[in-house]
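The structure comes first, and the notes follow by topic.

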Amino acid sequence: MRHFLTTEEEAEVVAAIRDFELHSSVELRVCVSYRKPWKPEKLAWKVFEKLGMRATRDRNAVLICVLPKRRKFVVIGDTGVDEIVSAPFWNHVAAEMAACFREEHPGAGIVRGIALLKERLSALWPASGDDVNELPNEIAQER
């Protein structure tokens, strides 16, 4: 099976996650799932749970779950984020990512989504001196 992202794209995504977390106390994960679920959002929430993303101190974790076989992705946030961030913002992030995906640049799409999340979420949850990296920065893979 061909990898969805090249080695270079994976490195760019991980670097974008690290940069994001230097500027924000939000924990961000990216997962590429090779499943073909009927309900992508339901799978994203299962991945969210499986990756331990509800265990963050401030309940402000965000997941970008990419489903290449379905040509879809889902961006979701834990309760701390959803209480403050509105649906139009998530839709804007999704639209920007989708534009890159349509042009066959999935790595750039994920990096673009991370940049938009950083811009908004670092203003709401700036990094502080007592921040710890609660979740791994590597891209999770699910087969």
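**Pockets and cysteines**

In this predicted model, β2 (61-67), β3 (72-77) and α4 (87-102) each contribute at least two residues to the lining of the largest pocket. The second largest pocket draws the largest share of its lining from helix α1 (residues 7-23). The count of disulfides is zero.

**Largest pocket**
- The volume of the largest pocket is about 340 Å³.
- Its lining has 14 residues, and those closest to the pocket centre are Phe 4, Arg 71, Phe 101, Arg 102 and Glu 104.
- With three residues, α4 gives the most to this lining.
- Eight of the lining residues are nonpolar and six are charged, with no polar residue.

**Second largest pocket**
- The second largest pocket holds about 170 Å³ of space.
- Helix α1 supplies three residues of the lining.
- Residues lining this pocket include Arg 18, Glu 21 and Leu 22, and also Ala 127, Asp 131, Val 132, Asn 133 and Asn 137.
- Ser 24, Ser 25 and Glu 27 are also among the lining residues.
- By class, the lining has four charged, four polar and three nonpolar residues.

**Cysteines**
- A disulfide requires cysteine sulfur atoms within 2.5 Å, and the model has zero disulfides by this rule.
- Cys 31 is in no disulfide, and the nearest cysteine sulfur, that of Cys 65, lies 4.8 Å away.
- Cys 65 is likewise in no disulfide, with the sulfur of Cys 31 as its nearest cysteine sulfur at 4.8 Å.
- Cys 31 counts as buried, at 2% relative accessibility.
- Cys 65 is buried, with a relative accessible area of 0%.

Note on methods
Residues numbered from 1 in each chain as written. Predicted model: local features only at pLDDT ≥ 70, side-chain atom pairs only at ≥ 80, totals over all residues. Heavy atoms only, no water. 1 Å grid on protein atoms, 1.4 Å probe; cavity = no way out; pocket = protein on both sides within 12 Å on 5 of 7 lines; lining within 4 Å. Points joined across faces, edges and corners; volume = space filled by probe spheres on them. Helix = DSSP H or I, 4+ residues; strand = E, 2+ residues; numbered from the N terminus. Nonpolar A, V, L, I, M, F, W, Y, C, P; charged D, E, K, R; others polar. Buried < 20%, exposed > 50% of the residue type's maximum accessible area, 1.4 Å probe, protein only.
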